[in-house]
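Student: I am new to this structure and would like a close look at one part of it. Please take that part slowly and then connect it to the rest.

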Amino acid sequence: MVIGRLADAVTRGVGDVASSVTDVFDPTLRLGVTGLSRAGKTVFITSLVANLIDRGRMPGFSAGSRIETAFLQPQPDDTVPRFDYESHLAALTSRTPHWPDGTRAVSELRLSLKVRPAGMLAGLRGTRTVHLDIVDYPGEWLLDLGLMDKTYDAWSAAALARLSSWNAGDYAAAMQTIDPTAKLIETEAQTLARAYTAALHAARLAGAYDLTPGRFLLPGELEGSPALTFAPLPPGDAPRGSLRREMERRFEAYKSQVVRPFFRDHFARLDRQVVLLDVLGALRRGPRALEEMRAAMTDILTAFRPGAIGWLLSLLGARRVDRLLFAATKADHLHHTQHARLTALTEAMVRDAKSRADFAGAQTKAISMAALRATVEEMREHQGHDLPVVRGRLMGTDGTPGREAALYPGEMPVDPAHVLTPARQGAESWLDGEYDLMEFAPAPLTLRPGEGPPHIRLDRAAEFLLSDRL
């Protein structure tokens, strides 16, 4: 498989020896954070860093008591945009808080931790510094790794079938206006690429997740570049100089000049990985959206090369993800009595990929969490019974905070198969009714000295991802 060969090539290259030897004295842990759009990547990173700097709300993070101080430093990769931690934290903690802008490209942030050693000889050793390099990148870009094994014709057939199944956009009408065998006219190629991009956005709004190329949805620094000026076409002749021939050439260039460097420069250098999933959002959209998310995450997770790596290869710079956390976000949209069911559903959705990672020697874990808690829990009497609800400020249609409301979103399934099976079978709606899951705005905060933003189980996520290396 091409993805496997890419990863093996990176491992055989074993990186930069000089920087790796430096890691022996100043260890560095590279943590990747990904997830599909609206999964909460920006909020996760912002809250994690804030709660590592001020650890008053991190009782489940065992290494926290040995951290003397945590501080931001310049990142090692000068060509990668810096994650705008300060602006995102200000958005969440201002007098009128709002959700920060989401991830649209790769960014990075370095947090350095001064840690007291543990163990019997702790008193004989001084503090050491551990660098945590957090890499934020869109999950949509990982879907592109699946293109490496596909020809242009195979990708075109799959892409056109998906758009047809979602009745997305007017791309079919746009194709009728051009002759793929005619001489390339650049304005026609641009028009077709724009129509295809619009169709992808329409499909995503309808609930589709597995959409490629991912850069068409989140172009990052490539927005408007020729690298994104291609589109799928039905099979047929491709004379030299024709539109179809040029579309095929640009598709291959996209793989070699965009997808491959992303894997080499960012993804293949990670030690730990967090995969965030908005499972509740998919439930709200219905069975088809839930199955789309499950299938997309399965495709994404095939890109990982999990497993333990020997100390010698580690010294020489080889990287492999040895811990993989699957986190269902927005757990604060449910009463805590339903969190275990959300975790079970998440585990069931990623079971195949989790089993492969476990077999390869990586440690995996699934949790339900909220990086920033936006609601409070209450019990309300309803028809003679106590009903567990969550209360918070609803998001308005324009993205601004609206009225405050207490909501009961519905009963999460006791058995994940009760929703996953009808989703796989193509059900149009849930038999037991829809899930009344709403979007909440962040609540105004009053933080005491030494406290980070309120959360649900962020400390357990940090414990799994970081404690053994601190």
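Which residue takes a positive phi in the hairpin of β8 and β9?

Tutor: The model is a predicted one. In the hairpin of β8 and β9, the residue with a positive phi is Gln-383, at a value near 55°. This hairpin has two residues between its strands. Strand β8 covers residues 376-382 and strand β9 covers residues 385-395. The two strands pair in the antiparallel sense, over seven bridges. Within that pairing, Arg-380 stands opposite Leu-387 of β9.

Helix α4 spans residues 85-93, and its buried residues are Tyr-85, His-88, Ala-91 and Leu-92. These four lie on the same side of α4, because they cover an arc of only 130° around the axis. What the buried residues of α4 pack against is α3 (41-53), β2 (67-73) and β3 (107-115).

Next come the nonpolar cores. The largest has 86 residues, and among those with the most contacts inside this core are Tyr-171, Leu-192, Tyr-196 and Leu-283. Helix α10, residues 243-265, gives the most to this core, with eight residues. For Tyr-171, leaving aside neighbours within four places in sequence, the contacts include Leu-160, Leu-163, Leu-192, Tyr-196 and Pro-232. There is also a second, separate core of 41 residues, which includes Ile-45, Val-115, Leu-132 and Leu-372.

Methods
Residues are numbered from 1 along each chain as its sequence is written. This is a predicted model: local features need pLDDT of at least 70, side-chain atom pairs count only at pLDDT 80 or more; totals for chains, interfaces and linings use all residues. Side-chain values use heavy atoms; hydrogens and water are left out. Two strands pair if DSSP finds at least two bridges between them. A nonpolar core is a set of buried Ala, Val, Leu, Ile, Met, Phe, Trp, Tyr and Cys residues joined through side-chain atoms within 4.5 Å. Buried means under 20% relative accessible area, exposed over 50%, partly exposed in between (1.4 Å probe, protein chains only). Contact means heavy atoms within 4.5 Å. The arc is that of the directions from the helix axis to the C-beta atoms.
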